[in-house]
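Hi,

Here is the structure I promised to send over. Have a look first, and then read on for what turned up in it.

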Amino acid sequence: MIDYVMLEEYAKGLSVLFVEDDENIIKETSELLELIFSNVEIARDGKEGIDKFLNFKKENDKFFDLVITDIKMPNMDGIELTKLIYKENKEQLLIVLSAHSETKYLVELINIGISHFITKPINYDSFVNTIYIKIKEYNENNKDIKSFSPIVIIDEELKWDKNLKELYKNNQQIKLTRKEVLLLDILLKFREKTHTVEEILNFIWADDINSFPDISNLKNIISRLRKKIPTLDIENVYGFGYRINIK
């Protein structure tokens, strides 16, 4: 099962190269990828794909975190592209899109080292699940990723421990109610994001199946938090929702 909260956490800051020549698939898939990843670049054939792959390395001094490529494309197919990518980076995380009619190519791809395939037509639930599994493995194996520190620095005095779900002011724990903890948890997991009221309500009252909360209940929690912690900057983004501003 996909943990969508962790999917967004795992994907934060990662870059993706998507290589595909079908414009309909490009439109649908790239829109989905852009909802998940911070940086998505598109190439429409293998030649453009390897050029973008090498240019990205030159400009950023690192490789794309993930490459997703079709097999049959003009100018250079996905097999040749994969060989060139692995020549540059043998550890590259790479997923291949394959139509059922292209099974004859799979043996060659397996021999190259590919083990991650997604069949066409794309089932987007399976597509997202595969991405979730692979970037989860990627992040667990990458010891240098700093975004997984359990401590969120809110300001000079306030710190949030993501693992313990505890708030500290000058290293002294602040006593919070369960719903205050849940509110801070969702707002601080994705600090750059503005969360809709509906999203926050569903998260905080997820286990209260007999409750029917509305925005007034949420405002009460926020009001109590603001009185308890005046420096905590919970912003109301008019007409949309709430976010926490980190100083």
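Please keep in mind that this is a predicted model. I'll start with Asp70, which is buried, because its relative accessible area is 3% and the limit for buried is under 20%. Asp70 belongs to strand E3, residues 66-70. An unreviewed UniProt entry gives this position the feature "modified residue: 4-aspartylphosphate".

Now the sheet around that strand. It is an open sheet of 5 strands with parallel pairing, in the order E2-E1-E3-E4-E5. Strand E2 (39-43) and strand E5 (117-120) are the edges, each pairing on one side only. From one strand to the next, the twist averages 20 degrees. E4 (residues 94-99) and E5 pair through 4 bridges, and Ala99 has Lys120 in E5 as its bridge partner.

Two helices to look for are H2 and H4. Helix H2 (residues 23-36) lies across E1, E2, E3 and E5, at about 170 degrees to E1. Helix H4 (residues 78-88) packs on the sheet and touches E1, E3 and E4.

The whole structure holds 5 aromatic pairs. In one of them, the rings of Phe53 and Phe63 have centres 5.3 Å apart and planes at 20 degrees, so they count as stacked. Phe53 sits in helix H3 (residues 46-60) and Phe63 in the loop between H3 and E3, so the pair ties together parts 10 residues apart in sequence. Phe53 is buried, with a relative accessible area of 0%. Together with Phe56 and Phe64, these two form one aromatic cluster. The charged end of Lys57 sits over the ring of Phe63, 5.3 Å from its centre.

Best wishes

Conventions
Residues are numbered from 1 along each chain as its sequence is written. This is a predicted model: local features need pLDDT of at least 70, side-chain atom pairs count only at pLDDT 80 or more; totals for chains, interfaces and linings use all residues. Side-chain values use heavy atoms; hydrogens and water are left out. UniProt positions are given in the numbering used here, feature names are shortened, and annotations may be inferred rather than shown by experiment. Buried means under 20% relative accessible area, exposed over 50%, partly exposed in between (1.4 Å probe, protein chains only). Rings of Phe, Tyr and Trp (its six-membered ring) pair if their centres lie within 6.5 Å; planes under 30 degrees apart count as stacked, over 60 as edge-to-face and the rest as tilted. A charge sits over a ring if NZ of Lys or CZ of Arg is within 6 Å of the ring centre and within 35 degrees of the ring normal. Two strands pair if DSSP finds at least two bridges between them. Axes are lines fitted to C-alpha atoms, for helices over the stretch in contact, and angles run from 0 to 180 degrees between N-to-C directions. Contact means heavy atoms within 4.5 Å.
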